Amino acid sequence: MPHDIGYVNNAGALAHYNMLERIGEKAEDAGWEILRYDTVPANRELILKGTGYTGAEEIFVGFRTYQDASADYYNLCAAAFIGYVPGNTFDTQPGAMLSGIPAHNNRIDYWLTINPQRIALAMKVGTPVYESAYVGKCLPYGKPGQFPLPLIAAGMLNGTTATRFSDTTHDMPYRGNRTNMRLRNNAGAWLQPYCWPYGNAVMAALRDTHDARVLIPVELHDNSGDMFGTLDGVYSINGFNNAVENVIVEGGVTYVVVQAVYRTGFADYYALRMDE
């Protein structure tokens, strides 16, 4: 269950194209099946199938590019699906939920972590700012028969909007109740779950103690008593005495600190587990 930390640039192709290729390579190395990798159109497409921790599941996710040279944006789109139809376009795959991720045509530094049920990504682009995505399953609070496919589609934008990385309104998905963070329920609806502890001023103010960091699992709920589950490998972490790209090792596990775009407030960070 690997992770990869590195960068892509515009050698041979624009950087966001090379980032798409890198995601596909690393996902395949981690056991995901590539169902589609189409580099012919300007909007290149990657669709993947994972089998989950049981090895018998069907988890469909995808990434594609979209760009406009005149508007100077070169973005990725993160997506989750409930199935795969070879004849369908990327955007019309069954149950498709899409969220854009501002990227770049030049160098992209990235932190990519993959396990059998989800793919999580952070990128440093532009000025720089930090962009994030998570597609695949969360860890549900329920048995497989009760909540068999708790799909997450999380990026930075509501759909594939024409948004450059320099935009000051977009934000990380993990604050919850946002259009760029969706959870599919058993009824087939894509919910906008709340994310605890974000939004809780007391929990957000937890500081480090003797240089020990508090890593709090991000829990998904509906703000009325129903808990859905926990994100797999994404943790709230405080910004006091902390900085983006810091590396934390707890119990032999490595975490990288990521910030929300350009923001540096104490509640503007999360820690991303680097799967082994």
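1. Because the model is predicted, local features need pLDDT of at least 70 and side-chain atom pairs count only at pLDDT 80 or more, whereas totals for chains, interfaces and linings use all residues. Residues are numbered from 1 along each chain as its sequence is written, and side-chain values use heavy atoms, with hydrogens and water left out.

2. Five strands make up an open sheet in the order β2-β3-β4-β5-β6, with antiparallel pairing (strands are DSSP runs of E of at least two residues, helices runs of H or I of at least four, both numbered from the N terminus; two strands pair if DSSP finds at least two bridges between them). The edges are taken by β2 (33-38) and β6 (97-101), each with a single partner strand, so one side of each lacks a neighbour in the sheet. From one strand to the next the twist averages 15 degrees.

3. Within this sheet, β3 (residues 45-50) and β4 (residues 59-68) are joined by six bridges in the antiparallel sense, and E45 stands opposite R64 in β4. Nine bridges join β4 to β5, again antiparallel, with V61 opposite A80 in β5; the two strands form a hairpin with four residues between them, and D72 in the turn has a positive phi of about 60 degrees. Five bridges pair β5 with β6, where A79 stands opposite L98.

4. The structure holds 14 salt bridges (a side-chain nitrogen of Lys or Arg within 4 Å of a carboxyl oxygen of Asp or Glu). One of them links E45 to R36, with the closest N and O atoms 2.9 Å apart, and both residues are buried. Another joins R107 and D109 at 2.9 Å, N to O; R107 is partly exposed at 43% relative accessible area, while D109 counts as buried at 16%.

5. D275 and R118 also meet in a salt bridge, at 2.7 Å from N to O. D275 lies in the segment after β19 (269-273) and R118 in strand β8 (residues 118-125), so the pair ties together parts that are 157 residues apart in sequence. D275 is buried at 6% relative accessibility and R118 at 0%; a network of salt bridges links R118, D232, R273 and D275.

Terms used:
Axes are lines fitted to C-alpha atoms, for helices over the stretch in contact, and angles run from 0 to 180 degrees between N-to-C directions. Buried means under 20% relative accessible area, exposed over 50%, partly exposed in between (1.4 Å probe, protein chains only).
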